[in-house]
Amino acid sequence: MPDIQDYEGKELGETCVVHLKRYPFYERFWSLNVIAIIYVLLSIGGEFHWECPFYALFHVPCPGCGITRGFICLMSGNIYGAFNHNPLIIPFVVIWLMSMMLFVYDLITLKSHLNNLYVNVNEYLSKHQVVTLVIIALGLSPWVYRLLRC
């Protein structure tokens, strides 16, 4: 828990920076989100197209192929199209939105709920490897289905 003395006399922007530096997970989370948002915005505008390295090497779509196209479909309100591009887009976006809201809440309240959630989930999954394998299998099942369908 941060000490209030760390934040006394600082403006809001400085306070957020101090809070981000206190928890390295937040710095990584923020950086990855900025990169992802820039990538999606460039993709929507048609300015940028990135070919999947997995597909380029093996000529088989990777488990994440279609996520960007699915996100673009979701932003235009086409849920069916998003699901067809990659069914994992729906839980991915729900988890992403919830984590972004928690991140902003943590910055406003100077708490560390998202960091604690990350630590607790990581600890739980390392202790319960069967649960980890089930999550991985569920995550890979749409990909296997797409490979068998082709």
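1. Ground rules. This is a predicted model, where local features need pLDDT of at least 70 and side-chain atom pairs count only at pLDDT 80 or more, while totals for chains, interfaces and linings use all residues. Numbering starts from 1 along each chain as its sequence is written, and side-chain values use heavy atoms, with hydrogens and water left out.

2. The salt bridge. Glutamate 123 pairs with lysine 127, with 3.6 Å between the closest N and O atoms; the term asks for a side-chain nitrogen of Lys or Arg within 4 Å of a carboxyl oxygen of Asp or Glu. Both residues are in helix H7 (residues 113-127), and because they are four residues apart there, about one helical turn separates them. Helices here are DSSP runs (H or I, at least four residues), numbered from the N terminus. Glutamate 123 is partly exposed at 42% relative accessibility, and lysine 127 is exposed at 59%. For those labels, buried is under 20% relative accessible area, exposed is over 50%, and partly exposed is in between (1.4 Å probe, protein chains only).

3. H2 against H4. Helix H2 (residues 24-44) packs on helix H4 (residues 67-75) at about 75°, the axes being 10 Å apart. Axes are lines fitted to C-alpha atoms, for helices over the stretch in contact, with angles from 0 to 180 degrees between N-to-C directions. That makes H2 and H4 roughly perpendicular (65 to 115 degrees; under 35 is roughly parallel, over 145 roughly antiparallel, the rest oblique). On the H2 side the contact uses Tyr39, Val40, Ser43 and Ile44, and on the H4 side Thr68, Phe71, Ile72 and Met75; contact means heavy atoms within 4.5 Å. By class that is six nonpolar, two polar and no charged residues. The classes put Ala, Val, Leu, Ile, Met, Phe, Trp, Tyr, Cys and Pro as nonpolar, Asp, Glu, Lys and Arg as charged, and the others, Gly among them, as polar.

4. H6 against H7. These two axes come within 8 Å and cross at roughly 130°, so H6 and H7 are oblique to each other. From H6 come Ser99, Leu102, Phe103, Tyr105 and Asp106, meeting His113, Leu114, Asn115 and Leu117 of H7. The class count for H6 with H7 is five nonpolar, three polar and one charged.

5. Cores. The largest nonpolar core holds eight residues: Tyr23, Phe25, Tyr26, Phe29, Met100, Phe103, Leu107 and Leu114. H2 and helix H6 (89-109) each supply at least two residues of this core. A second, separate core has seven residues, including Phe71, Cys73, Ala82 and Ile89. A nonpolar core is a set of buried Ala, Val, Leu, Ile, Met, Phe, Trp, Tyr and Cys residues joined through side-chain atoms within 4.5 Å.

6. Loops worth a look. Most residues other than glycine have a negative phi. Histidine 59, in the loop between helix H3 (53-58) and H4, has a positive phi near 60° and is exposed at 61%. Leucine 110 also has a positive phi near 60°, but sits in the loop between H6 and H7 and is buried at 17%. Serine 112 is in the loop between H6 and H7 and is buried at 9%. Beyond its neighbours within four places in sequence, serine 112 is in contact with Tyr23, Tyr26 and Asp106.
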